[in-house]
Amino acid sequence: MGTLSFAGLHYTYPDAATCVLDALDLEVDAGLVVLTGASGSGKSTLLRVCNGLIPHFHGGVIGGSARVLGREVVRTPTRELARDVGFVFQDPELQAVYPSVERDAAFGLENLGIARTEMLRRVDDALATCGIAHLRQRAVTSLSGGERQRLALAGVLAMRPRLLVLDEPFSQLDPEGSRALLAALDAAVRGGTTALVAEHRHHLVIERAGRWLLMAGGRVVEISPPAPVEPASPASDRSTPPPSELSWQLHRVSAGHGRVPVLHDLDLCGGSGEVVALTGANGSGKTTLLRTIAGLLPPLSGRVERRPGRIAYLPQNPSALLHRATVRAEVAWTLRRTHAAGGAGALLDELGLGAVADRDPRDLSTGQRQRAALAAVLAGNPSLVLLDEPTRGMDAAARASLASAIARIAQRGGSAVVATHDQRLVAAVATRVVELREGAAREQLPLMAVSR
Amino acid sequence: MSTRALAAWSASGLVIALSTSNPVYRGVVLLCALNLLLARGRRGPGLRLLLIGIGIAAATATAVTLLLSHSGSHVLVRLPSAIPAIGGPLTLEALVFGLATGLGIAAAMLAVAPLTLVSQPHELVDALPPVLARTGAALGAALNLIPGTVRSAAEIRDAQRMRGWHARRVVDWPAVAVPVVLTAIEGSLTLAEAMESRAYGAAARTHLSIERWTPTDTLISVTSALAAAGFLTLTLTGGAPGWFPFPVVTVPAVSVPAVLCCALLVLPSLWMRR
């Protein structure tokens with residue numbers, strides 16, 4: 001009996017004209033299986049079939065056969081499948097049920113009626129496995145995106161699932177978090193758990209994956225593992241012309257939420273033509289720094305200077321921006337509001353959004369939404385661009401188009417600051433790399449781009 | 001103090017505040033509730049917002065009663081009768097009755113306030129009996145969304161501001177309001193998906209943390225129940241007279257046993273201040 005057994009599987013969302021899954025056949029037995037495919041190809045849809053959210057939660061029309069751990073998905077409610085199928089979503093911000101880390105990690109166990117002593121033991125194990133035991137008593141709202149992602153995983157691992165389904169689990173993790181997640185995955189797979197992981201950052205799982213699947217045209221096909229990618233290395237020879245003019249500057253800035261500083265006495269600047277990559281562990285203050293540069297967060301002490309001109313800011317949650325009926329209208333709205341000339345077409349094409357320009361941005365996949373939000377903020381030739389984890393949910397092609405858009409901004413004298421854990425993006429665009437650690441900023445060499 | 005004991009105390013305060021029209025008893029409940037909130041030492045923005053809200057509700061009740069009730073003997077001012085609804089005499093009796101109504105609203109709100117200000121939503125959920133566990137978990141999750149929605153509203157406003165948005169006219173607000181509403185709806189759906197995916201409703205729920213029940217909790221629950229039961233008995237037997245300021249305003253009659261029943265509600269704050 002296979003863990004997953006799909007035969008001739010069809011699925012169409014309610015009110016949709018075309019099917020997302022089209023006569024899909026798939027057999028998965030054991031090990032770590034990686035699911036790849038372009039943004040919007042249906043990966044998240046397929047994953048949701050694995051725990052019955054499709055069709056039980058989303059409705060729609062489903063046909064063919066889908067068996068998970070020997071049970072017919074259509075006849076088994078999600079809450080029953082959840083006894084054996086652990087699922088971690090793409091948006092960790094929205095998954096917390098309880099306000100404290102410990103309680104949230106225990107939510108699934110409470111639902112299964114596990115005894116308290118056993119529950120405590122499993123929560124201990126899961127938090128330690130995910131490297132967040134030290135956050136046990138923290139409020140969920142005080143966690144960074146990456147920490148929340150690890151909490152979501154801990155909550156699922158505590159339930160000891162036989163099948164683990166992860167949707168873009170590395171999208172917000174710092175290197176340490178990625179290592180912790182990989183170790184947790186290794187341990188789970190060694191313990192007999194089957195893991196199905198949708199992930200665009202192939203290099204993170206390349207050594208562990210037993211099988212690679214490509215999702216395209218509503219079906220999955222077996223593919224050979226992507227070629228190994230050499231780790232990005234410091235590019236000591238990358239010559240960066242000195243900036244002709246400062247675009248932004250922090251003078252002994254301390255900043256944080258409330259009265260507690262996350263950043264201490266920072267002296268930092270960025271010039272025209274520069275692309276500064278902000279790196280650092282989850283919770284190190286990257287978002288705080290971006291918001292301080294943007295002027296959205298007044299510093300607790302010190303002074304922030306910015307060159308006059310429009311500032312574009314992409315928040316971590318792209319949905320925060322989207323309110324128009326189409327992607328094109330989103331871009332047009334920014335152009336109108338900023339009194340900028342030009343149309344939306346060129347930017348949409350550059351970001352690979354031409355085909356979905358007339359669709360509602362909230363109907364798009366996470367990666368496409370991210371690009372739609374990017375288009376919305378980059379419209380109108382901003383002089384300073386601040387991007388918070390811009391590659392979330394993006395496939396390789398989308399990352400390349402993002403890199404080219406950032407490079408174009410730098411070439412015409414703009415400046416960019418990009419907070420990211422994505423070393424590929426850093427290697428592709430950064431002229432400087434600044435690492436935040438314990439409230440201080442440390443300048444590093446930029447990484448050299450490597451061919452994929 | 002356990003959440004269940006606090007819930008028993010709040011229920012008793014609410015019963016007394018809503019079962020009488022006498023401002024003296026309402027005032028005693030209000031003072032006991034305020035004392036409890038201050039004794040807990042949580043005087044953050046939550047308490048400030050609550051007091052502002054109560055002030056607005058009480059002032060509104062007073063104003064509405066004054067403007068719409070044209071009864072009473074002592075006319076303070078006479079509005080032209082051509083003004084619909086509020087035109088006519090505004091009387092001292094209506095003003096006093098409005099103030100007493102506002103006091104009742106304030107006492108009722110403050111009686112429930114410790115449950116929301118002092119307890120976390122998940123503590124309330126855990127305090128529910130097992131038969132309500134599923135409903136409670138859904139309620140707790142919904143309550144958990146509120147601060148997230150408030151935070152996302154601020155983030156959305158900031159993000160749109162960076163795209164050139166300014167709140168100059170009413171027509172500007174959809175740029176913030178639409179994504180706030182849509183994000184809240186999407187957040188609710190994702191949370192519901194996450195709960196289903198974590199076996200919500202699969203079995204009888206257990207709890208990670210078990211609230212300790214102390215003798216003090218028993219004492220507080222019993223005295224609160226006695227206070228409410230005693231007050232209701234006195235009210236039904238005429239031992240705790242109500243009050244009505246029409247047609248002529250009078251001083252409310254006070255029954256010592258009824259005041260003592262209300263004053264029993266001070267017990268938790270005395271225990272906390274020890």
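The model is predicted, so local features need pLDDT of at least 70 and side-chain atom pairs count only at pLDDT 80 or more, while totals for chains, interfaces and linings use all residues. Residues are numbered from 1 along each chain as its sequence is written, and chains are lettered from A and ligands numbered from 1 in the order in which they are written. Helices (H or I, at least four residues) and strands (E, at least two) are DSSP runs, numbered from the N terminus.

**Where chain A meets chain B**

- On chain A, 48 residues are in contact with 42 residues of chain B; two residues are in contact if their C-beta atoms, placed from the backbone, lie within 7 Å.
- The side of chain A that touches chain B draws at least two residues from each of helix 3 (78-81), helix 4 (101-111), helix 5 (116-129), strand 16 (311-314), helix 10 (327-337) and helix 12 (366-378) of chain A.
- Helix 4 of chain A gives the most to that side, with seven residues.
- Sorted by class, the side of chain A that touches chain B has 26 nonpolar, 12 polar and 10 charged residues. Here Ala, Val, Leu, Ile, Met, Phe, Trp, Tyr, Cys and Pro count as nonpolar, Asp, Glu, Lys and Arg as charged, and the others, Gly among them, as polar.

- Helix 1 of chain B (residues 3-19) has 17 residues and reaches 24 Å from its first C-alpha to its last, close to the 24 Å expected at 1.5 Å a residue. That expected span is 1.5 Å times one less than the number of residues.
- Buried residues in helix 1 of chain B include W9(B), V15(B) and I16(B). A residue is buried if 20 or more other C-beta atoms lie within 10 Å of its own, exposed if 12 or fewer, and partly exposed in between, with C-beta atoms placed from the backbone.
- Helix 1 of chain B packs with helix 8 of chain B at an angle of about 15°, their axes 8 Å apart. Axes are lines fitted to C-alpha atoms, for helices over the stretch in contact, and angles run from 0 to 180 degrees between N-to-C directions.
- The two helices are therefore roughly parallel to each other; angles under 35 degrees count as roughly parallel, over 145 as roughly antiparallel, 65 to 115 as roughly perpendicular and the rest as oblique.
- Helix 1 of chain B passes helix 8 of chain B in a left-handed crossing. A crossing is left-handed if the near helix is turned anticlockwise from the far one by less than a right angle, and right-handed if clockwise.
- Among the residues making this contact are A5(B), W9(B) and I16(B) of helix 1 of chain B, and I220(B), A228(B) and F231(B) of helix 8 of chain B.
- By class, the contact of helix 1 with helix 8 of chain B has 11 nonpolar, five polar and one charged residues.

**Helix 2 and helix 9 of chain B**

- The axes of helix 2 (residues 23-39) and helix 9 (residues 256-263) of chain B come within 9 Å and cross at roughly 20°, which makes helix 2 of chain B roughly parallel to helix 9 of chain B.
- This crossing is right-handed.
- Y25(B), V28(B) and V29(B) in helix 2 of chain B meet A258(B), V259(B), C262(B) and A263(B) in helix 9 of chain B.
- That contact has seven nonpolar, no polar and no charged residues.

**An enclosed helix in chain A**

- Helix 9 of chain A (residues 286-294) is largely enclosed by the rest of the structure, because nine of its nine residues are buried.
- Its buried residues include K286(A) and R291(A).
- Just after helix 9 of chain A, G295(A) takes a positive phi of about 90°.

**Backbone details to look up**

- Most residues other than glycine have a negative phi, and most peptide bonds are trans.
- I54(A) and P55(A) are joined by a cis peptide bond with omega of about 15°, and P55(A) is found in helix 2 (residues 53-56) of chain A.
- In chain B, the peptide bond from F246(B) to P247(B) is cis, with omega near 0°; P247(B) is found in the loop between helix 8 (215-236) and helix 9 of chain B.
- R160(A) has a positive phi near 50° and lies in the loop between helix 6 (145-157) and strand 7 (163-167) of chain A.
- A85(B) has a positive phi near 70°, and is exposed, with 8 other C-beta atoms within 10 Å.
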